[in-house]
Amino acid sequence: MSRLAQYLVGSLALLLLLLVSMTVVTMTRGKPAPAPAPSASASASAWVAELALPPPLLPFPEGRVDLVPERRVGLRGIRRPQDEGLVERGTVWAAPSGRGFGRHVARSLHLLADPEWILVQADSGLWLLEAKSLARRARLRTGAVSAVAVSTDGRRIAYAEYTPQPDEDGLREGEEPAELVVLEFPSLLEVHRSRVMKPVEVRFSPDARTVASAAKNGATVVPLDGRGAPWTTKRAPNEASDAIAVVPLDDTRVAYLTRFASLIIQDRGAERFEHQYPLKSTDLIFIKITHTWSGGDLHYDAVLDRVLSVQDSEAVVVDAARTESPRLGHPIDVTAGPVDAMRPYALLRMEELARRFPAAENLSFPSDHVRAALGARGDAYFLWGGAVVRLERDLALRSPDFDDVEEWESSQAEHDIVFTTHATNEMVVRRVSLDAPALDITPERLGAFAPHHGYRPFLFENGDRVFPIANAADRGGIVRLPRGGSLQPIVWFDAKAVSFSATTLRAEGRFAFVNPDYDLVEVAPEGVRVLGRIGFGAAVSWNAKKKCWEVKKFMEKDVQCTPR
C-alpha cells in the first residue's frame, strides 16, 4: 500500500472515531446519570439491584421537595434479618404549620401517573420513591400529615397537614385544625388549599375534580377547579357524626362511614341512605361495652353508580347511589377477582399472591388477604408492617428506609419530643431536638430507669418533664428530665402513687392528682408534694387569686385552701 493510501485510510479511521465519539456524547446527554456504587452500608444482596437499575431523572421542581443525598436501593427478601436491627431514624421538619419529628414508619403507598415513581406516606412525611428500586429520592416539603390520597389517574395528590399540639394545649385528639392541600403531579403545583378539621382519611372522586375528608365533625366535600364552595355533612344532634372513612361521588354527594358503623350517603340537603352494621359488644357485670369502629374502606364505581363498603373480604353494595332512592344490593367477595371500583388496588388472598409472585410464599398476615397496589409492569406493592415491599414474579424487594418498629409514647413540646418505650423491667427514654431540620436523624437515647409502673411524663412551661412512677408496693415517685438535660435519679415520696384514672388538674405550671388513699398530690418542676388527705368525694380546684388548691370535702359547704 502506498504512503498516500495509508494516509487516506488513517484519516478515514480518525474521522470515523471522531463521529462515533460525538454520537455517544449526543446520545448520553440528558439521560440519567449512571447508578452510583453501592454504599458501604448496603448489603451484598442489594448490589445487583442497584447496578441493574440506573436512577430515573428527577422530574420534581426545586423548592417543592428536599432531595435525599444517599440513594439506597431495595434489599432482596421481605423479612428483616435478625442482625439488621430496627429502624429508629426519622425526620425533623420545619414547616409553616410548625416543627415536628416522625419516624420512618410507612402508613400508606400510592401509585402515580408516572410509573417510575410511587408516593409513600410515613410518620416522617411524604416521600417519592423509585418504583423499581424502592430508592427514596425526595421528600415533599410538608409538616405533619394525617391523611393522603392520590387520584385514580395518578395526576393529583391530596393531603391534610396539621400542627401537632403540645401536651399542655388541651385540645381533644382529632379536633385539631388542618390544611387540606391538593397538588398536581409531577409539577407539584398547588391547585387548592382550605381549612378542615384534622381528618383520618381523604379521598378523590373518580374524575379527580372533588376531594373529601373524614373527621370528627363528619365528611367535608371540597369541589375543585372553581366549581363551588366546600360543605360538611350534618346529622341530628343525637346521632354520631364522626366519620372514619369517606368517598365523594361528585361535588354534590358523598358516602361515609361513622364510628358507630353507619354507612351513609348524603347530599347537601339531606341523608339519602343509611345502612347500620351490627356492632360487637362485651357484657360485663353491670354494663355492656359497645366496640366502635376505627376505620373502613369505601369505593365508588361511577359507571355502575354503586358504592362498595369493604369489611374483611366482603363488600356491602349500594346501587343507584346518585339517585334519590339508593338501595342495598347483593354483597360481593372482593377477593374473587379484580374490582373496577378499587383499581389500581386489589385485595388478594394469600394463595393468589403466592401464585402470582412465588417470592411471596410463606408470608403470614393478620388476615388471609393483603391490600396490594398493582403496577403497570405486572408488579405489586404493599406494606409489610411499616416497611415498603415490591414484588415481581421471582423477586421481592424491601426498602431499607422504612420499617415496622415498636410503639413509642411521645411527649411533644415546641423545642423537642421525648419518647418512652417499655422494655423488660425498664422504661427507655429518647429525645429529639427540633432546633434544626434533618431528613435522617436518630433519636438520642438518654437512659432508662426501672419502675414497677411508669407513666407518660408531665410537661411544664419551662420545658422540664417529670415522669410519675410507682414501685412494687405502689409507693409513688418521680424521675425529672430537665430541658436539654439528662435523666435525674428517682425521688420517692411518702404516699401511694397517683391514680391516673382520675382527672388531671393543671394550673400555673403545676399538676394535681388524688391517689387511692385520697391524698392530694402536687407535681411541679421543682419536685412533688403531698398536700394532705382530702377524703372520698372531695372536689379540687385552683384559686388563682390565693395561689392555692381549694378543696371542698364531700357533703360540706366550707372550702379549704391548701397551704403553699
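Predicted model: local features only at pLDDT ≥ 70, side-chain atom pairs only at ≥ 80, totals over all residues.

Colleague: Why is Ala208 called buried?

Modeller: Ala208 has a relative accessibility of 7%, and buried means under 20%, so Ala208 counts as buried. Ala208 is placed in the loop between strand E13 (201-204) and strand E14 (210-215).

Colleague: What makes the phi of Ala208 worth a remark?

Modeller: Most residues other than glycine have a negative phi. Ala208 is a residue other than glycine, yet its phi is positive, near 65 degrees.

Colleague: Which other residue has a positive phi although it is not a glycine?

Modeller: That is Asp312, where phi is about 60 degrees; Asp312 belongs to the loop between strand E24 (306-311) and strand E25 (314-319).

Colleague: Is Asp312 buried or exposed, and how do you know?

Modeller: The relative accessible area of Asp312 is 63%, and exposed means over 50%, so Asp312 is exposed.

Colleague: Where is there a cis peptide bond, and what is its omega?

Modeller: One joins Phe185 and Pro186, with omega about 10 degrees, and Pro186 sits in the loop between strand E11 (177-184) and strand E12 (190-197). The bond from Arg343 to Pro344 is also cis, with omega near 5 degrees, and Pro344 is in the loop between strand E27 (332-333) and strand E28 (345-349). As a general rule, most peptide bonds are trans.

Conventions: Residues numbered from 1 in each chain as written. Heavy atoms only, no water. Helix = DSSP H or I, 4+ residues; strand = E, 2+ residues; numbered from the N terminus. Buried < 20%, exposed > 50% of the residue type's maximum accessible area, 1.4 Å probe, protein only.
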